Amino acid sequence: MRFKILGTSSLVLAGLTALALAAEKPALAADSLTIVSWGGAYQTSQREAFFKPFAKETGVQITEEEYTGELAKVRAQVETGTISWNVVDLTTRSALAACAEGLIEPIDWAKLGLDPANFIGGDLQECGVPNIVYSTVLAYDADRLKEGPTKIEDIFDLEKFPGKRSLQKDPFGNLEWALIADGVPAADIYKVLATEEGIDRAFKKLDTIKSQVVWWEAGAQPPQLLADGEVVMASGWNGRFYDAVKNEGKNFVIVWDRQVLDWDWWAIPKGSDKVDLAYQFIAFASRADTMADQTNYITYGPANMDSESKISSEIMAQLPTSAENMTTAIAPDIQFWADNADQLTQRFTAWLAQ
Amino acid sequence: MVSATVDQGVRTADGVPLKIKLQRAERARKLKAIALVLPLFLFIVITFAVPIGVMLFNAIYDPSIARLMPKTSAVLAEWDGQDLPPEAAFAAVVEDMKQAQIEKTPVAAIGKRLNYEIPGIRSKIIATGRQVAKLEGTGPFKEALIEINPMWGERETWNVIKRSSASYTDFYLLNALDYRYNADNHIQHRPANQAVFQDIFIRTIEISVMVTLATLLLGFPVAYLLATLPPKTSNLLMIMVLLPFWTSLLVRTTAWVVLLQTQGVVNDTLIWLGILDDRVQLIFNRIGTIVAMTHIQLPFTLLPIFSVMKTIPTTHVRAARSLGAGQFYAFWRVYFPQTVPGIAAGCLLTFILSLGYYITPALVGGPKDQMISYFVALYTNREVNWGMASALGAVLLAATLVLYFVYNKLVGVDRMKFG
């Protein structure tokens with residue numbers, strides 16, 4: 001009898017455990033999050049500063065994937081309703097396009113427990129949380145050029161700086177620099193660019209150096225072109241130049257004058273069944289301390305303005321967002337670019353082929 | 001065949017007419033053949049024919065405006081396109097935009113689609129969407145909308161919406177060929193500073209032809225050498241031909257950057273040898289593109305030629321020689337014509353593969369060497385404008401088919417041999 005009772009109760013116990021386990025299983029499965037970013041040193045910085053600490057703090061298992069900005073993959077997932085990417089790192093233009101197409105969730109800042117006013121660019125669009133501020137800067141190799149360029153106008157000065165220069169094969173940034181070099185005050189750039197004459201004016205300025213430009217396409221190209229002595233100066237992403245200085249011992253000097261800022265954004269594909277967890281992750285990765293930690297691995301500026309006090313002054317000097325580097329920075333009008341990118345890219349392409 | 005010589009009345013041992021028996025046997029064989037072919041056929045249909053069909057369809061089918069602005073589309077269908085549309089159209093815009101807010105479909109999607117036709121309209125539509133939410137009552141809305149943004153008082157805006165509201169559109173295909181509708185609804189050529197694709201299509205074909213010719217010029221002698229050398233030596237050489245074939249495309253492209261750049265190996269060598277006084281630009285222009293692409297494509301042209309040459313009996317040339325033909329004459333009249341099927345196959349392969357290049361021209365080419373696939377990738381991935389990507393793909397496909405047809409007339413595809 002006694003045995004029987006024990007037997008029954010142990011059976012019940014076993015049954016309950018099984019039930020509990022069964023109930024727990026989907027919960028376990030839900031506690032994983034797939035995050036997609038750009039790979040390379042950038043994703044490494046995110047892994048160290050966000051993915052690992054987040055996994056440690058919450059027990060959520062993070063699966064990383066890499067992509068090269070193919071929004072098409074997000075669209076395919078959303079349209080077929082099979083969302084395997086829970087959080088995606090997007091560029092500004094991709095985020096705007098994806099938002100317009102309804103591919104990503106509008107962000108509820110209250111749910112994040114954050115104030116967009118605390119973030120550089122926090123109010124620029126509805127569907128993304130800014131994570132880093134990077135910039136397109138001018139740089140040169142001090143080993144080859146003793147007296148290098150100091151201001152953006154120098155790109156257009158073929159007398160003082162003869163030789164090839166490398167610029168990005170994209171109207172973004174180049175049109176702004178052309179107008180500045182042509183004497184347009186920084187505050188009026190987009191007013192001027194909004195007119196047909198203004199666009200003509202920018203292209204006319206670019207005409208003056210067209211024969212001397214090597215156009216780059218991939219972010220790895222500008223440091224390589226400088227290192228090989230193919231060009232005397234090159235525009236490029238600040239992190240890439242810094243990486244060549246730090247890890248390859250190059251003597252590149254970054255000219256911060258008129259750096260063109262841009263952002264990367266966290267976004268959540270629509271229809272994901274892990275929206276809450278995605279919010280939890282984004283909130284974690286947007287904290288002042290985690291964002292400050294990221295700068296130990298890569299020199300992109302944290303979007304959270306509270307991070308600044310937690311960053312050492314040596315690193316701060318290398319960030320696009322430091323007060324000193326920001327003095328003449330161009331904050332691009334992303335709505336202007338969303339409106340005109342199609343038209344200007346087409347025109348830029350036609351101009352290149354002329 | 002047997003049945004032709006046999007009389008109708010002939011029967012087999014079990015009394016069935018021979019003809020029926022034969023038909024049965026044939027049918028069983030046919031079924032077997034179909035069963036064998038079926039997996040491949042289905043595979044091709046599912047992974048090749050259907051996606052291409054969907055792609056072509058995307059180029060002409062875009063229901064986004066009809067779906068996002070159903071009421072406006074219905075009202076504008078009745079409108080003749082003269083003057084401004086009636087009040088009902090303004091009311092429909094307001095209603096559609098309010099509905100969009102309720103259903104949480106972004107008004108920006110409307111703006112994005114219309115922005116393809118009127119640059120800058122995107123933000124005006126988004127702004128209108130925000131303001132419209134505040135409009136109350138039952139109208140009239142005409143004045144209110146024009147007050148929100150003067151573009152609502154322009155006929156062109158309405159014409160574009162009317163045109164885009166048709167689910168089947170020629171907009172993308174026209175754009176892919178550098179044409180567009182003007183304010184009066186007539187098709188016209190795009191202004192020169194916006195017209196890009198015609199040039200790029202021509203350039204794509206031009207580069208592909210040049211690469212094909214270069215691979216033929218370089219590959220034919222090598223294939224001849226490989227085919228005539230004793231196997232021991234030719235196998236070694238073959239490995240050297242195939243080795244780059246097994247290296248990643250990006251690695252090979254980057255290797256060419258190292259070789260060809262102004263401070264690179266080729267320039268250094270030429271200067272050291274005293275052949276050049278000044279360094280020459282070998283990269284970031286057409287030369288770099290052709291050289292790098294030729295390198296990558298060489299095995300594709302060479303291998304079919306080689307395998308066809310292997311099948312040509314050596315006795316043919318010897319026979320020609322013994323009959324008095326000179327060395328060149330024997331080669332040209334007896335040997336070469338037999339290699340043509342291999343040349344045809346190799347060249348076609350290389351030409352069609354070359355049409356699809358975009359990474360190589362982007363890295364070693366100049367601004368005038370961008371090929372059409374680059375834009376297909378750009379519209380697919382970055383702009384998420386699949387209509388445009390499909391239209392460019394469709395035009396490229398059509399151009400390729402036309403060229404294939406011409407090629408068939410000139411060379412004869414049925415003569416083509418891969419070995």
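Helices of at least four residues and strands of at least two are DSSP runs, numbered from the N terminus. With that in hand, hello everyone, and let's look at a loop in chain A. Please keep in mind that this is a predicted model.

Where is A:Gly271? This glycine sits in the loop that links strand S8 (252-267) to helix H11 (275-285) of chain A. Leaving aside residues up to four places away in sequence, A:Gly271 touches A:Val78, A:Gly81 and A:Ile83. Take A:Val78: it is 193 residues from A:Gly271 along the chain, yet their C-alpha atoms are separated by 6.7 Å.

How far can we trust chain A? Its mean pLDDT is 90, and 92% of its residues reach 70 or more. Residues 1-29 of chain A are another story, with pLDDT below 50 and, beyond near neighbours in sequence, 0 contacts in the model.

Now over to chain B, and to a pair of helices. Two packed helices are described by the angle between their axes and the distance between the axes. For H4 (residues 70-78) and H5 (residues 87-103) of chain B, the angle is about 165° and the axes are 7 Å apart. Angles over 145 degrees count as roughly antiparallel, so that is how H4(B) and H5(B) run relative to each other. The crossing of H4(B) past H5(B) is left-handed. From H4(B), the residues that meet H5(B) include B:Val75 and B:Leu76, and on the H5(B) side they include B:Ala92 and B:Val93. Sorted by class, this contact has 7 nonpolar, 1 polar and 3 charged residues.

Those two helices turn up again around helix H9 (residues 155-164) of chain B. H9(B) is mostly covered, with 7 of its 10 residues buried; B:Trp158 and B:Ile161 are among them. The cover over these buried residues includes H3 (64-68), H4, H5 and H6 of chain B.

Finally, how do the chains meet? Chain A and chain B each give 30 residues to the contact. On the chain B side, helices H6 (107-115), H7 (121-132), H18 (359-364) and H19 (372-382) each give two or more residues. Which of them gives the largest share? That is H6(B), with 5 residues. By class, this side of chain B has 12 nonpolar, 12 polar and 6 charged residues.

Notes:
Residues are numbered from 1 along each chain as its sequence is written. Chains are lettered from A and ligands numbered from 1 in the order in which they are written. This is a predicted model: local features need pLDDT of at least 70, side-chain atom pairs count only at pLDDT 80 or more; totals for chains, interfaces and linings use all residues. Two residues are in contact if their C-beta atoms, placed from the backbone, lie within 7 Å. Ala, Val, Leu, Ile, Met, Phe, Trp, Tyr, Cys and Pro count as nonpolar, Asp, Glu, Lys and Arg as charged, and the others, Gly among them, as polar. Axes are lines fitted to C-alpha atoms, for helices over the stretch in contact, and angles run from 0 to 180 degrees between N-to-C directions. Angles under 35 degrees count as roughly parallel, over 145 as roughly antiparallel, 65 to 115 as roughly perpendicular and the rest as oblique. A crossing is left-handed if the near helix is turned anticlockwise from the far one by less than a right angle, and right-handed if clockwise. pLDDT is the predictor's confidence in each residue, from 0 to 100. A residue is buried if 20 or more other C-beta atoms lie within 10 Å of its own, exposed if 12 or fewer, and partly exposed in between; C-beta atoms are placed from the backbone.
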